[in-house]
Amino acid sequence: MEITIKDEFIKLGQALKLAGLVDSGVDAKFVIQDGQVKVNGEVDLRRGKKLYPGDTFEFEGKVVTVK
């Protein structure tokens, strides 16, 4: 799965919403804080983590690449 961004980067919470993996920013906050999200293969607890084209994130077995 891929998401395409217009800007230089997208924050992790926003990326989860854009990919349709969570319904709201509040949901994104909780799944990230609970350690359920991996960025580039490692758990990241920062909702504001900046993702750039080429980065990947994973939630509930779905891997998403930022383009």
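Where is Asn40 found? Select it: Asn40 is in the loop between β3 (37-39) and β4. Helices and strands here are DSSP runs, numbered from the N terminus (helices are H or I with at least four residues, strands are E with at least two).

Before moving on, note the ground rules. This is a predicted model, in which local features need pLDDT of at least 70 and side-chain atom pairs count only at pLDDT 80 or more, while totals for chains, interfaces and linings use all residues. Residues are numbered from 1 along each chain as its sequence is written, and side-chain values use heavy atoms, with hydrogens and water left out.

**Stop 1: two positive phi angles**

Stay on Asn40. Its phi is near 50°, a positive value in a residue other than glycine. Asn40 is partly exposed, at 42% relative accessible area. The cut-offs are these: buried is under 20% relative accessible area, exposed is over 50%, and partly exposed is in between (1.4 Å probe, protein chains only).

Now select Glu60. Glu60 sits in the loop between β6 (56-59) and β7. Its phi is also positive, about 50°, although Glu60 is not a glycine. Glu60 counts as exposed because its relative accessible area is 60%.

**Stop 2: the salt bridges**

The structure holds two salt bridges. The term means a side-chain nitrogen of Lys or Arg within 4 Å of a carboxyl oxygen of Asp or Glu.

Select Glu2 and Lys67. They form a salt bridge, with the closest N and O atoms 3.7 Å apart. This pair links distant parts of the chain: Glu2 is in strand β1 (residues 2-3), Lys67 is in the segment after β7 (62-66), and the two are 65 residues apart. Glu2 is exposed, at 53% relative accessible area. Lys67 is partly exposed, at 43%.

Next, select Asp44 and Arg46. Their closest N and O atoms are 2.8 Å apart in a salt bridge. Asp44 lies in the loop between β4 (42-43) and β5 (50-51). Is Asp44 buried or exposed? Asp44 is buried, since its relative accessible area is 10%. Show its surroundings. Leaving aside neighbours within four places in sequence, Asp44 is in contact (heavy atoms within 4.5 Å) with Leu12, Ile32, Val37, Val39 and Lys49.

**Stop 3**

Select Ala28, in helix α2 (residues 25-33). Ala28 is buried, with a relative accessible area of 0%. Beyond neighbours within four places in sequence, Ala28 is in contact with Gly13, Leu16 and Val22.

Then go to Ala19, in the loop between α1 (12-18) and α2. At 13% relative accessibility, Ala19 counts as buried. Again leaving aside neighbours within four places, Ala19 is in contact with Met1, Ile3, Phe57 and Val64. Val64 is 45 residues away along the chain, yet the C-alpha atoms of Ala19 and Val64 are separated by 7.6 Å.

**Stop 4: the positive patch**

Finish on the surface. Which residues gather in a patch of positive charge? Select Lys11, Lys17, Lys29, Arg47 and Lys50. Patch residues have over 30% relative accessible area and no salt bridge; like charges are joined within 9 Å, nonpolar side chains (Val, Leu, Ile, Met, Phe, Trp, Tyr) within 5 Å. Zoom in on Lys11, in strand β2 (residues 10-11). Lys11 counts as partly exposed, at 37% relative accessibility.

Terms used. Areas by Shrake-Rupley, 256 points an atom, 1.4 Å probe, with all protein chains shown as cover. Lys, Arg positive; Asp, Glu negative; His and termini not counted. Charge placed at Lys NZ, Arg CZ, Asp CG, Glu CD.
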